[in-house]
Amino acid sequence: MKALKWTLRNKRGQASFEVAIAVILLIALLLFAWDMTMIGYNWPALQFAVNEGLRAGAQSSAFDAGEIENYTRTIAKRFGIADPNVVATFAGGMVSVRAEKTVPFTPLTKTIFQLSGLGDGFTVYASGQRSQEPGGV
C-alpha cells in the first residue's frame, strides 16, 4: 500500500512541475506577442507621421527642415511614439522625410534577444519623398 501512495505523490509533483513550466513558457510567448504587436503598431503610425510631414513640406512655399521635422514628431507623438529620430531634406524639387524609432522590448524578450545577439529592441523605419508643389499654399 505504501508503494502505491508514493507513486501517486510523485505523479502529483510531476504534474505540478509540468504546469509550472507550461505557465512560464506561456507568459514568455505572451510577452513576445506583445512586443511584436508594438512593432506592428509603431511602423504604420510612424509612416503616417512621415506622410504628414511630407505633405506639409510639399505644400510650404519655403522649405524649413526644422519645422517639418518638428511637425512630424508632433504627429508621431499623437500616436504615442515619443521622440523619433526625424530628418527632412530638400533636393532637386523633392522633399524627403525619414524617421526611425527603436521599439524597446519587455525585459524577458530583451534578455532572450541579447543572449542571441540580436540587441535590445527593434528599430522601425519610415521614409518618403514628395515633389514640392509650385508656389506652395
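Author: Let us do so, bearing in mind that this is a predicted model. A residue counts as exposed when its relative accessible area is over 50%. Leu25 has a relative accessibility of 56%, and therefore counts as exposed. Leu25 has its place in helix H1.

Reader: Is Thr72 buried or exposed?

Author: The term buried applies under 20% relative accessible area. Thr72 has a value of 1%, so this residue is buried. Thr72 is found in helix H2.

Reader: What lies around the side chain of Thr72?

Author: A polar atom of that side chain lies 2.8 Å from the backbone oxygen of Ile68. Beyond its neighbours within four places in sequence, Thr72 is in contact with Ala49, Val50, Gly53, Val86 and Val97.

Reader: Which residues touch the most other members of the largest nonpolar core?

Author: They are Leu46, Val50 and Val97, in a core of 20 residues. The elements giving two or more residues to this core are helices H1 (2-59) and H2 (65-78), together with strands E1 (85-91), E2 (94-104) and E3 (121-131). H1 provides the largest share, six residues.

Reader: What is Leu46 in contact with, leaving aside its neighbours within four places in sequence?

Author: The contacts of Leu46 are then Ile81, Pro84, Ala99, Glu100, Lys101, Val124 and Ala126.

Terms used. Residues are numbered from 1 along each chain as its sequence is written. This is a predicted model: local features need pLDDT of at least 70, side-chain atom pairs count only at pLDDT 80 or more; totals for chains, interfaces and linings use all residues. Side-chain values use heavy atoms; hydrogens and water are left out. A nonpolar core is a set of buried Ala, Val, Leu, Ile, Met, Phe, Trp, Tyr and Cys residues joined through side-chain atoms within 4.5 Å. Buried means under 20% relative accessible area, exposed over 50%, partly exposed in between (1.4 Å probe, protein chains only). Helices (H or I, at least four residues) and strands (E, at least two) are DSSP runs, numbered from the N terminus. Contact means heavy atoms within 4.5 Å. A polar contact is a pair of N or O atoms within 3.5 Å; within protein, one must be able to donate a hydrogen and the other to accept it, and residues adjacent in sequence count only if both atoms are side-chain atoms.
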